[in-house]
Amino acid sequence: MAIPSLKKLEERALIQPPKWLSESCQYLTMMGSTAYGVESDASDMDIHGFCMPPLRMVFPHLSEEIPGFGTQIERFRVWQQHHVPCPDGGKRTYDFCVYSLVNFFHLAMENNPN
């Protein structure tokens, strides 16, 4: 079973991720009941992955930000969107969860199974 392209879903206005996310997504994989082969006809497909946010979000000093002083740049941690319809008109829906690379490694260091 193929994972739909974020770009394809975005072009069809089925998802609304940050503008840069589709191009910077590095990895997507199936999770949940579909990955374990125990899904039913009513199951959605859980898609998890990680992306590389723009460098200014990962390294705020590149935008001349000093932590604790002035306006802080909003950090990207995770993008989630649930109940996304199948782009091919099928009955299946998708739940997306895409972490920033920094957040992904932080969760992995904590042995977080998600």
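Residues count as buried under 20% relative accessible area, as exposed over 50%, and as partly exposed in between. With these limits in hand, the predicted model can be walked through from its overall layout to its individual contacts.

Of the 114 residues, 36% count as buried. The accessible surface of the chain comes to about 7500 Å², and carbon and sulfur atoms contribute 55% of that area. Among contacts with a separation of 6 or more, 53% are made by residues 24 or more positions apart.

The four strands are arranged as an open sheet in the order β1-β2-β4-β3, with mixed pairing. Strands β1 (25–31) and β3 form the edges, each pairing on one side only. Neighbouring strands of the sheet are turned against each other by 20 degrees on average, direction ignored. As a general point, strands of a sheet pair through backbone hydrogen bonds, in either a parallel or an antiparallel manner. Both kinds of pairing involve β4 here. Strand β2 (residues 45–51) runs parallel to β4 (residues 93–100), and seven bridges join the two. Within this pairing, Asp-46 stands opposite Asp-95 of β4, while Phe-50 has Tyr-99 of β4 as its bridge partner. On the other hand, β3 and β4 pair in the antiparallel sense over six bridges; here the bridge partner of Val-84 is Tyr-94 in β4. Helix α5 (residues 101–109) packs on the sheet and touches β2, β3 and β4, its direction making about 90 degrees with that of β4.

What is Phe-96 in contact with, leaving aside its neighbours within four places in sequence? The list comprises Pro-4, Leu-6, Leu-9, Ile-47, Trp-79, Gln-80, Gln-81 and Val-84. Val-84, one of these contacts, is also the residue whose bridge partner in β4 is Tyr-94. By contrast, Gly-68 is 28 residues from Phe-96 along the chain, and the C-alpha atoms of these two residues are separated by 32 Å.

Turning to charged side chains, a search of the whole structure finds two salt bridges. In one of them, Lys-7 is joined to Glu-23, with the closest N and O atoms 3.6 Å apart. This pair links distant parts of the chain: Lys-7 belongs to helix α1 (residues 6–11) and Glu-23 to helix α2 (residues 21–24), 16 residues apart.

Lys-8 forms a salt bridge with Asp-88, and here the closest N and O atoms are 3.4 Å apart. Lys-8 lies in helix α1 and Asp-88 in the loop between β3 and β4, so this pair ties together parts of the chain that are 80 residues apart in sequence. A relative accessible area of 31% makes Lys-8 partly exposed, while Asp-88, at 61% relative accessibility, counts as exposed.

The surface carries a nonpolar feature as well. Leu-55, Phe-59 and Leu-62 form a nonpolar patch there, and together these residues have about 290 Å² of accessible area. Leu-62 is found in the loop between α4 (55–58) and β3 (78–85).

Methods
Residues are numbered from 1 along each chain as its sequence is written. This is a predicted model: local features need pLDDT of at least 70, side-chain atom pairs count only at pLDDT 80 or more; totals for chains, interfaces and linings use all residues. Side-chain values use heavy atoms; hydrogens and water are left out. Patches are made of residues with over 30% relative accessible area and no salt bridge: like charges are joined within 9 Å, nonpolar side chains (Val, Leu, Ile, Met, Phe, Trp, Tyr) within 5 Å. Accessible areas come from the Shrake-Rupley method with a 1.4 Å probe; for residues, only the protein chains shown count as cover. A salt bridge is a side-chain nitrogen of Lys or Arg within 4 Å of a carboxyl oxygen of Asp or Glu. Two strands pair if DSSP finds at least two bridges between them. Axes are lines fitted to C-alpha atoms, for helices over the stretch in contact, and angles run from 0 to 180 degrees between N-to-C directions. Contact means heavy atoms within 4.5 Å. Buried means under 20% relative accessible area, exposed over 50%, partly exposed in between (1.4 Å probe, protein chains only).
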